[in-house]
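Have the model open beside you as you read.

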Amino acid sequence: MKKVMAFVALTALVSAPVLAADGAKLFGEKTCNACHGPEGKKPLMPNYPKLAGQNAAYAEQQMKDIKSGARNNGQTAAMKGVMHLVNDAEIKAIADYLSKVKP
Ligand code: HEC
């Protein structure tokens, strides 16, 4: 039992920074940076959004809506094509990461 408690405590300690790091890694691995620029700061096109510093809850919802098709306007079709690459947990990790990047 003691071992389990220690493990739980350890997981809680390390999980926050790991999540942030994963988001940064995913942003490159899943090709997000190709359109939104490194750290979401320099979009490829003037009509593509900057993502750095965006509110995490908002960004998460937009990604889910673009993936599901609920948000279907402007240039969403360009992005929808890559959204099968990320699951809900990865979307959340990326949203958390983006919210912490200084714009
Ligand atoms: C092919 C280009 C492309 C790729 C790749 C791409 N996006 Fe996008 N993304 C866009 C465009 C264009 C929009 C704006 C859609 C619109 O006009 O409604 C957008 C919108 C968003 C938004 C909503 C921004 C807002 O202010 O509402 C978020 C968050 C986002 N992208 C994150 C990501 C993440 C994370 C990835 C990688 C998994 C990704 N995008 C991959 C082009 C892309």
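## A partly exposed threonine

Let us start with one residue in this predicted model. Thr31 counts as partly exposed because its relative accessibility is 36%, which falls between the 20% limit for buried and the 50% limit for exposed. Look for Thr31 in the loop that links α1 (2-29) to α2. Its backbone deserves a glance too: phi of Thr31 is near 70°, a positive value in a residue that is not glycine.

With a relative accessible area of 37%, Glu39 is partly exposed.

## The overall fold

Stepping back, the chain contains 5 helices and 0 strands. Read from the N terminus, the order of elements is α-α-α-α-α. Of the 103 residues in the chain, 28% are buried.

## What surrounds the ligand

Which residues come nearest to the ligand? Among the 23 residues around it, the nearest are Cys32, Cys35, His36, Arg71 and Met79. Sorted by class, the shell around the ligand has 13 nonpolar, 8 polar and 2 charged residues.

In His36, a side-chain N or O atom is 2.7 Å from a nitrogen atom of the ligand. The side chain of Tyr58 has an N or O atom 2.8 Å from an oxygen atom of the ligand, and for the side chain of Arg71 the distance from an N or O atom to a ligand oxygen is 2.7 Å. As for elements, those that give two or more residues to the shell around the ligand are α2 (32-36), α3 (56-68) and α4 (76-80). The one that gives the most is α3, with 5 residues.

## The largest pocket

Now for the space itself.

Which helices supply at least two residues each to the lining of the largest pocket? They are α2, α3, α4 and α5 (88-100). Here α3 gives the most, with 5 residues. By class, the lining of the largest pocket is made up of 17 nonpolar, 9 polar and 3 charged residues.

## A closer look at His36

Is His36 buried or exposed? It is buried, because its relative accessible area is 9% and the limit for buried is under 20%.

## Around α5

Asn87 is in the loop between α4 and α5, and it is partly exposed at a relative accessible area of 39%. A polar atom of the Asn87 side chain lies 2.8 Å from the backbone nitrogen of Glu90. Asn87 can also be placed against Lys67: the two are 20 residues apart along the chain, and their C-alpha atoms are separated by 9.7 Å.

Ala93 belongs to helix α5. With a relative accessible area of 4%, Ala93 is buried. Along the chain, Ala93 and Phe27 are 66 residues apart, while 9.5 Å separates their C-alpha atoms.

How values were computed:
Residues are numbered from 1 along each chain as its sequence is written. This is a predicted model: local features need pLDDT of at least 70, side-chain atom pairs count only at pLDDT 80 or more; totals for chains, interfaces and linings use all residues. Side-chain values use heavy atoms; hydrogens and water are left out. A residue is near a molecule or strand if one of its heavy atoms lies within 4 Å of it. A polar contact is a pair of N or O atoms within 3.5 Å; within protein, one must be able to donate a hydrogen and the other to accept it, and residues adjacent in sequence count only if both atoms are side-chain atoms. Helices (H or I, at least four residues) and strands (E, at least two) are DSSP runs, numbered from the N terminus. Ala, Val, Leu, Ile, Met, Phe, Trp, Tyr, Cys and Pro count as nonpolar, Asp, Glu, Lys and Arg as charged, and the others, Gly among them, as polar. Buried means under 20% relative accessible area, exposed over 50%, partly exposed in between (1.4 Å probe, protein chains only).
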